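Open the model in your viewer and keep the selection tool at hand.

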Amino acid sequence: MSENKGIMLAKSMQKHAGRAKEKILQNLGKVDRTADEIFDDHLNNFNRQQTNANKLQKEFNNYIRCIRAAQTASKSLMDAVCEVYEPQWTGYDALQAQTAASESLWLDFAHKLGDQVLIPLNTYTGQFPEMKKKVEKRNRKLIDYDGQRHSFQNLQANANKRKDDVKLTKGREQLEEARRTYEILNTELHDELPALYDSRILFLVTNLQTLFATEQVFHNETAKIYSELEAIVDKLATESQRGSNTLRKQTINPIKTSSPVQSPVNKLNNANANNSNYQNQITTNGGSSLANSL
């Protein structure tokens, strides 16, 4: 088992070394490389499409985070409004209903953006990593093919000198195998890359229509709620200016007593008056008694 792993590792290292050597020779211009301008155009379109999709995904993820933060802030604000709006004020129940409707609207808005816009966008961008792996594999097989082609050309150049038909035959078989492997991947990508690139239009139309329609419904319904809230506050202001009974102002009940409360000064004056009357009565009564006794 360990011997097989060692053989596989040696072959892998040999293959990597051969590719590295071939790329260096190509970059130095020592050997030619197989050119495919049509594939290069497909690859440029793919790279641009992937860049745009990743940017859209990044910005929309950030937008979703901001929406959820705004949802939390809106709920906190409405809770504070409900606390400061006193229960005895006009429109209290209506205000409670509208703030609850606002919270429900935010929840539905955030859910639809995540479920109907973000998830399809993630699915769309999820195609690119797998396709990129296939492109990279195709490029590796192309290097292998070029490497085998150059090796076979060297064998052909030296065939007359060495007259080694065995190596030439083996080299031809390796070249055909490398060419066949490369062409299978290359043909598949010639079909798949343009199809993926063309799919961007339908996806963007569907995704953006959903986004814009969801935004429109949310803002229209939000506008209605705030219009109702404004009307409630306007009514409160009007009734407050008129002193309406709808504010339910509490009046103070008068304290019922058997006699009015007198101040100390009044008590003193009343006492003096009573004393004077009493003295007069004594004088009058005393005078009458004295007259009678005489």
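Select Asp36. This is a predicted model, and in it Asp36 has a relative accessibility of 16%. The cut-off for buried is under 20%, so Asp36 counts as buried. Asp36 sits in the loop between helix H1 (2–27) and H2.

Now show what surrounds Asp36. Which residues does Asp36 contact, leaving aside its neighbours within four places in sequence? Pick out Arg138, Tyr182, Asn186 and His190.

Next, colour helix H2, residues 37–84. How do their axes cross? The axes of H2 and H3 come within 10 Å, and the crossing angle is roughly 165°. An angle over 145 degrees counts as roughly antiparallel, so that is how H2 and H3 run relative to each other. Their crossing is left-handed. Colour the residues of this contact by type: 21 are nonpolar, twelve are polar and two are charged.

Is Leu113 buried or exposed? Leu113 is buried, because its relative accessible area is 0%.

Ile64 and Leu113 are 49 residues apart along the chain, yet 7.4 Å separates their C-alpha atoms. Ile64 is also one of the contacts of Leu113, once neighbours within four places in sequence are left aside.

How values were computed
Residues are numbered from 1 along each chain as its sequence is written. This is a predicted model: local features need pLDDT of at least 70, side-chain atom pairs count only at pLDDT 80 or more; totals for chains, interfaces and linings use all residues. Side-chain values use heavy atoms; hydrogens and water are left out. Buried means under 20% relative accessible area, exposed over 50%, partly exposed in between (1.4 Å probe, protein chains only). Contact means heavy atoms within 4.5 Å. Axes are lines fitted to C-alpha atoms, for helices over the stretch in contact, and angles run from 0 to 180 degrees between N-to-C directions. Helices (H or I, at least four residues) and strands (E, at least two) are DSSP runs, numbered from the N terminus. Angles under 35 degrees count as roughly parallel, over 145 as roughly antiparallel, 65 to 115 as roughly perpendicular and the rest as oblique. A crossing is left-handed if the near helix is turned anticlockwise from the far one by less than a right angle, and right-handed if clockwise. Ala, Val, Leu, Ile, Met, Phe, Trp, Tyr, Cys and Pro count as nonpolar, Asp, Glu, Lys and Arg as charged, and the others, Gly among them, as polar.
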